[in-house]
Each structure stands twice: as C-alpha cells, then as structure tokens.
Amino acid sequence: LFAQNRLNKFYNPKLFKAPPKTELSAESRIYENMGGEITTQAPGGIAGTGIGAFLQIREHRQARREAPPPPPETFGPYQRKSEEGNGVIAMIDLLVADLDKEMQE
C-alpha cells in the first residue's frame with residue numbers, strides 16, 4: 001500500500017521501500033540528454049481541491065503586556081520512542097482487512 005509505505009518512511013525507515021524509478025520515453029530521454037529539464041505537473045492546490053493556500057487575513061493585535069511567567073517544569077528531556085509505535089500502520093492494516101472482508105460479502 002502506498003500510504004503504508006509513506007508512513008513507514010517516517011515511523012520505520014527500515015521497512016520503507018523506495019519507489020521504482022520512472023522509465024522515460026525515447027523522446028524524453030533525447031530531450032533530457034540535450035540539456036532539457038523534464039518537469040512534472042504540480043498537483044492542483046491542497047489535495048487536488050484547487051485551494052491554493054489558507055491565508056491569515058488579519059493579524060490579531062494584543063495590547064503590550066508584561067512578559068508571561070516561565071512555563072512550569074515538565075517531564076525530563078525528550079526521548080525518542082523505539083519502533084513500537086506502529087499504531088497508525090496497524091490501524092491501516094485493520095482498515096484494509098475490513099474492506100477486503102466487506103468486498104467478499
């Protein structure tokens with residue numbers, strides 16, 4: 001699955017499989033060898049919706065106040081978890097299994 005592979009790139013780099021290189025046509029290879037640059041079509045907006053970006057129209061202005069107090073103490077420094085956090089990938093596996101089950105019924 002494409003989505004699962006993309007998640008593995010972040011969560012489990014050992015399990016990530018790089019996508020295969022795209023095969024250029026003869027015309028594209030000639031164009032590239034002559035110094036041309038092959039470009040790909042950019043996706044249209046956010047998730048193909050055509051919406052270019054979300055913009056902040058107006059800035060929130062606040063009166064100048066005293067500096068806030070320092071933040072309270074929390075847990076110790078950040079420690080990276082091991083590769084046990086596969087909850088998202090396991091959830092995708094469950095969704096795929098459910099869809100396969102429903103399609104068979």
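Leaving aside residues up to four places away in sequence, Asn 8 touches Pro 13, Leu 15, Phe 16 and Ile 89, where contact means heavy atoms within 4.5 Å. Asn 8 sits in helix H1; helices here are DSSP runs of H or I with at least four residues, numbered from the N terminus. Asn 8 counts as buried because its relative accessibility is 9% (buried is under 20% relative accessible area, exposed over 50%, with a 1.4 Å probe and protein chains only).

A word on the ground rules: this is a predicted model, in which local features need pLDDT of at least 70 and side-chain atom pairs count only at pLDDT 80 or more, while totals for chains, interfaces and linings use all residues. Residues are numbered from 1 along each chain as its sequence is written, and side-chain values use heavy atoms, leaving out hydrogens and water.

Now look along H1. Its buried residues are Gln 4, Asn 5 and Asn 8. Seen down the axis of H1, they fall within an arc of 100°, so they line one face of the helix; the arc is taken from the directions from the helix axis to the C-beta atoms. Turned away from that buried side are the exposed residues Phe 2, Arg 6, Lys 9 and Phe 10.

What do the buried residues of H1 pack against? Their partner is H3. The axes of H1 (residues 2-11) and H3 (residues 87-104) come within 10 Å and cross at roughly 165°, with axes fitted to C-alpha atoms over the stretch in contact and angles running from 0 to 180 degrees between N-to-C directions. That makes H1 roughly antiparallel to H3 (angles over 145 degrees).

Technical notes: Helix = DSSP H or I, 4+ residues; strand = E, 2+ residues; numbered from the N terminus. Parallel < 35°, antiparallel > 145°, perpendicular 65-115°, else oblique.
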